[in-house]
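Hi everyone, thanks for having me. Have a look at the screen for a moment, and then I'll walk you through a sheet and a pair of helices.

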Amino acid sequence: MERYMRQVGLDEVLPRAARADLTLVRYAPGATICTQGDAAHALRFLVSGKIRVSHTSAAGKRLVLSFKQPLDLIGDIEYVQRTPYLNTVEAVTTVEMLVISFEALARHATEDVIWLNYLLTEITRKFERKSQSMSFNLFYPVDVRLASYLLSMTPETKTLGSTVDELTDIADLIGTSYRHVNRTLKRFVEEGLIERDRRSITVLDRNRLIEVAGESIYE
């Protein structure tokens, strides 16, 4: 746990008195970390793995909002506003998180200026990334958005999932239809950018994908 604290910089911003209340929690792939509408009680720091953040409408339609990798905070807005969880968060891979209760933060960190500045910075950064993502979906064609997504999801490995559910998630995230994603993937295959079967997509030519994307923002 000390290693993770140093790795993500918590040892420099979290008050020493609060560190004893931190726990390291591991989630298996597919596990639900928190559920939209449930009472929020803890702040989580994603230090290992990848998570999916989604929101369900009143009509029951699920929208994938983002995929996140370290470092990211879950529960920061809920901590500040004291609201139930705004979204559902699930583990995509094996995930490790540093977890601290709101109660412990209230006891040890409410008046700590360094901690409060850190929290404000992270929340501001989160909204900035969301704004960039929404603008990107509005102004760029699907091939650019999909290439950007593929690049962002394969920083260390060349392969990612290609099941119907996974492609539906991709379509939701980049703001298009499942069919349009399918058509664009087929074109990428024909152009030699990727290889694809029913279960996976493999990036073959990262440099040419970068040329298509121009920039990669789905981080």
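I'll start with confidence, then do the sheet, then the helices.

So, this is a predicted model, where local features need pLDDT of at least 70, side-chain atom pairs count only at pLDDT 80 or more, and totals for chains, interfaces and linings use all residues. Residues are numbered from 1 along each chain as its sequence is written, and side-chain values use heavy atoms, leaving out hydrogens and water.

The protein chain averages a pLDDT of 87 (that's the predictor's confidence in each residue, from 0 to 100).

Now the sheet. Three strands form an open, antiparallel sheet, in the order 9-11-10; strands here are DSSP runs of E, at least two residues, and helices are runs of H or I, at least four, numbered from the N terminus. Two strands pair if DSSP finds at least two bridges between them. Strand 9 (159-161) and strand 10 (194-196) are at the edges with a single partner strand each, so one side of each has no neighbour in the sheet. Strand 10 is joined to strand 11 (residues 200-203) by 3 bridges, and E195 has T202 in strand 11 as its bridge partner.

On to the helices. At what angle do helix 7 and helix 8 pack? Helix 7 (residues 142-153) and helix 8 (residues 164-174) pack at about 120°, their axes 10 Å apart. Axes are lines fitted to C-alpha atoms, for helices over the stretch in contact, with angles from 0 to 180 degrees between N-to-C directions. The contact (heavy atoms within 4.5 Å) involves V142, R145, L146 and Y149 of helix 7, and I170, L173 and I174 of helix 8.
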